[in-house]
Amino acid sequence: MGVQLTLAAGKVSDVQITQHPSNPNTRKFQGQFAGGIAAQVVGRNIDELNVSKVAGSSLTSGGFNQAVAKIKSEAR
């Protein structure tokens, strides 16, 4: 899964998820996650982001949190 965050003054103003499912089950959970993540992160400070479960998908959240950590390190 690819994650792209748009930031304004340290806050998330937009999030884009690129899905890379390896099977139908992964496609389902990544799709649910992609559909619900904006409500969880838009308007929040990037340093406060740590999602645990979005739209019934808990495993996808781990990948998202890893991507956010990488984005934060590259932005500094």
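Predicted model: local features only at pLDDT ≥ 70, side-chain atom pairs only at ≥ 80, totals over all residues.
The chain contains 2 helices and 2 strands. From the N terminus on, these elements follow the order β-β-α-α. Helix H1 covers residues 24–41, and helix H2 covers residues 59–75. The C-alpha trace spans about 40 × 20 × 15 Å along its principal axes. The radius of gyration is 12 Å. A compact globule of 76 residues would have a value near 11 Å, so the two agree. Of the contacts between residues at least 6 apart in sequence, 45% join residues at least 24 apart.

Buried residues account for 32% of the 76 residues in the chain. The accessible surface amounts to about 4,600 Å². Carbon and sulfur atoms contribute 47% of that surface. The chain carries 8 positive and 4 negative charges. The mean positions of the two sets lie 10 Å apart.

The aromatic side chains were examined next. A pair of aromatic rings is described by the distance of the centres and the angle of the planes. The count comes to 1 aromatic pair. Its members are phenylalanine 33 and phenylalanine 64, with ring centres 5.6 Å apart. Their planes meet at 55 degrees. Stacked pairs need planes under 30 degrees apart and edge-to-face pairs over 60, so this pair is tilted. Phenylalanine 33 belongs to helix H1 and phenylalanine 64 to helix H2. The pair therefore ties together parts that are 31 residues apart in sequence. Both phenylalanine 33 and phenylalanine 64 are buried.

How values were computed: Residues numbered from 1 in each chain as written. Heavy atoms only, no water. Helix = DSSP H or I, 4+ residues; strand = E, 2+ residues; numbered from the N terminus. Rg over C-alpha atoms; globule rule 2.2 N^0.38 Å. Buried < 20%, exposed > 50% of the residue type's maximum accessible area, 1.4 Å probe, protein only. Contact = heavy atoms within 4.5 Å. Areas by Shrake-Rupley, 256 points an atom, 1.4 Å probe, with all protein chains shown as cover. Lys, Arg positive; Asp, Glu negative; His and termini not counted. Charge placed at Lys NZ, Arg CZ, Asp CG, Glu CD. Phe/Tyr/Trp six-rings, centres within 6.5 Å; stacked < 30°, edge-to-face > 60°.
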